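The sequence and the structure are shown first.

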Amino acid sequence: MVTAGPALPDAHRARRVAERVPDPELPMLTLADLGVLRDVETRADGTVVASLTPTYSGCPAMAEMRADVAARLRAAGYARVEIRTVLDPPWTSDWITESGRRKLAEHGIAPPGRAPRGPVPLVLSPTRPAVPCPRCGSRETEETSRFAATSCKALWRCRACREPFEYVKEI
Amino acid sequence: MSDDHVYLTLAEGHEDDTRWAYGTGFEDPLHGVDTTVPEGVDAAGLAAECVALADDALVGAQRLAEWITRAPELEEEVALANIGLDLLGQARLLYTRAGQADGTGRDEDAYAYFRDAADFRNVTLAELPGGDFAFTVVRLLVLSSWRLAHFRGLVDHPDPVLAAVAAKGAKELAYHRQYAAQWCVRLGDGTDESHRRMRAALEQVAPYLGELHTAHDVRDEVAADVRQVTDAAGLPLPVYRPRPGSGRAGEHTEHLAPLLTELQGIARAHPEATW
């Protein structure tokens, strides 16, 4: 086998492979950007164990994510791959990385603000400050729907540039 | 996997045969989770609790799904479908946990598709027919508030799987409650007709509130949420008029069986089919 430069320690290399798997619903993000990939470790017997956490309980992409990570690791030469699901602590949008937030904005999706801490109260006045438009930066924006095409997003529109945009909800 | 277009990814075959569409035979949603029931946990009690909470979610999700193609606006259809999807996800995890705890090893399909109405333990409020949009948002407010308050207590449950499902579900339920509450205020404080319909919806829900608190007594939390909404909307508080019967004891209204017939029809006609 020919390698360019010194080989990475195996656990590190396996982690790099898993980190690059794109999210099936937000393909501009990797699972690492999204904060869904929680851990990658290599056991003494060579088994790679990757741990994933679902964003929402009903996220239909979870099975696809597991299969994608396993397939990419196998394609990278790891014969024994185990995918674990981590339910605790639950995913929070705060785990979306800085690079993930930048990529979302570049694709016209507003990244989430800071997730609430502790029990969320019922608030009947406008619940959050305006989300800045990811296209023109204006704060003259309004929510058009609290839900959107995937569990993790809401729909907004910009009154300045007139464009609708999606916004990743903070949870 | 194709990174070019999301829909191409959906259409691709997969060596592990994972699928996105609906049907039976999905991968265990607790795949790769440590599913040992800790020592000292009453396994039968845990299973019963998981089934009841899963039944509330499955039946509630089915009623929400009935709005698909007929909601007043596309945005509301998307919202109700998404709320139903969260509940369906909670149901899948809870059924799977129940099958592990009760020792039968039954999977989610066995619970969802192959039990009859008398075996369901959902509260009857969840099974009532959809009615109008006012009834839908009033029921959603009450059920979200009640389930949220109960889940917040369950985060300390000695079973780590149930505790984790509750911790995750609580975040989702707070969002559902917010959605429902905002619609209740908008309609209650809207036109004469929307106000009239909201009053009627509150009266329709009232007889079922007692059953909720017999199952899990969080009446102070639910009353506070409902009062906050009715005050803001200029609506009267619902008058408590209890009715007999308890879904938790398997005593259902005549509305559950037809709902299940529709939900379970294909799975029963073609057992073990996947599509």
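**Confidence and overall make-up**

The model is predicted. Chain A has a mean pLDDT of 90, and 93% of its residues reach 70 or more. Residues 1-7 of chain A stay under 50 in pLDDT, and the model gives them zero contacts beyond four places in sequence. Where pLDDT is low, predicted coordinates should not be read in detail.

Chain A contains four helices and seven strands. Along the sequence these elements follow the pattern α-α-β-β-α-β-α-β-β-β-β. The C-alpha trace of chain A spans about 60 × 35 × 25 Å along its principal axes. Of the 171 residues in chain A, 43% are buried. Among its contacts between residues at least 6 apart in sequence, 52% join residues at least 24 apart.

**Helix α1 of chain A**

Which residues of helix α1 (residues 10-19) of chain A are buried? They are A:A14, A:R15 and A:A18. Because these residues cover an arc of only 100 degrees around the axis, they lie on the same side of α1(A). An α-helix has 3.6 residues a turn, so residues three or four places apart point the same way. The cover over the buried residues of α1(A) includes β1 (37-42), β2 (48-52) and α3 of chain A.

**The side of chain A that touches chain B**

In the model, 35 residues of chain A are in contact with 45 residues of chain B. On the chain A side, α3 (62-75), β3 (81-85) and β5 (141-145) each supply at least two residues. The largest share of this side, seven residues, comes from α3(A). The table sorts the residues of this side by class.

| Class | Residues on the side of chain A that touches chain B |
|---|---|
| Nonpolar | 21 residues |
| Polar | seven residues |

**The largest nonpolar core**

In soluble globular proteins, nonpolar side chains tend to be buried together. The largest nonpolar core here has 119 residues, of which B:C50, B:A54, B:V138 and B:C184 touch the most other members. Helix α7 (residues 160-188) of chain B provides the largest share of this core, 16 residues. Domain 1 (10-85) and domain 2 (109-168) of chain A each contribute at least three residues to this core.

With its neighbours within four places in sequence left aside, B:A54 is in contact with B:A91, B:L94, B:Y95, B:A98 and B:Y111.

Definitions and conventions. Residues are numbered from 1 along each chain as its sequence is written. Chains are lettered from A and ligands numbered from 1 in the order in which they are written. This is a predicted model: local features need pLDDT of at least 70, side-chain atom pairs count only at pLDDT 80 or more; totals for chains, interfaces and linings use all residues. pLDDT is the predictor's confidence in each residue, from 0 to 100. Two residues are in contact if their C-beta atoms, placed from the backbone, lie within 7 Å. Ala, Val, Leu, Ile, Met, Phe, Trp, Tyr, Cys and Pro count as nonpolar, Asp, Glu, Lys and Arg as charged, and the others, Gly among them, as polar. A nonpolar core is a set of buried Ala, Val, Leu, Ile, Met, Phe, Trp, Tyr and Cys residues joined through C-beta atoms within 7 Å. A residue is buried if 20 or more other C-beta atoms lie within 10 Å of its own, exposed if 12 or fewer, and partly exposed in between; C-beta atoms are placed from the backbone. Domain bounds come from an automatic or database domain assignment. The arc is that of the directions from the helix axis to the C-beta atoms.
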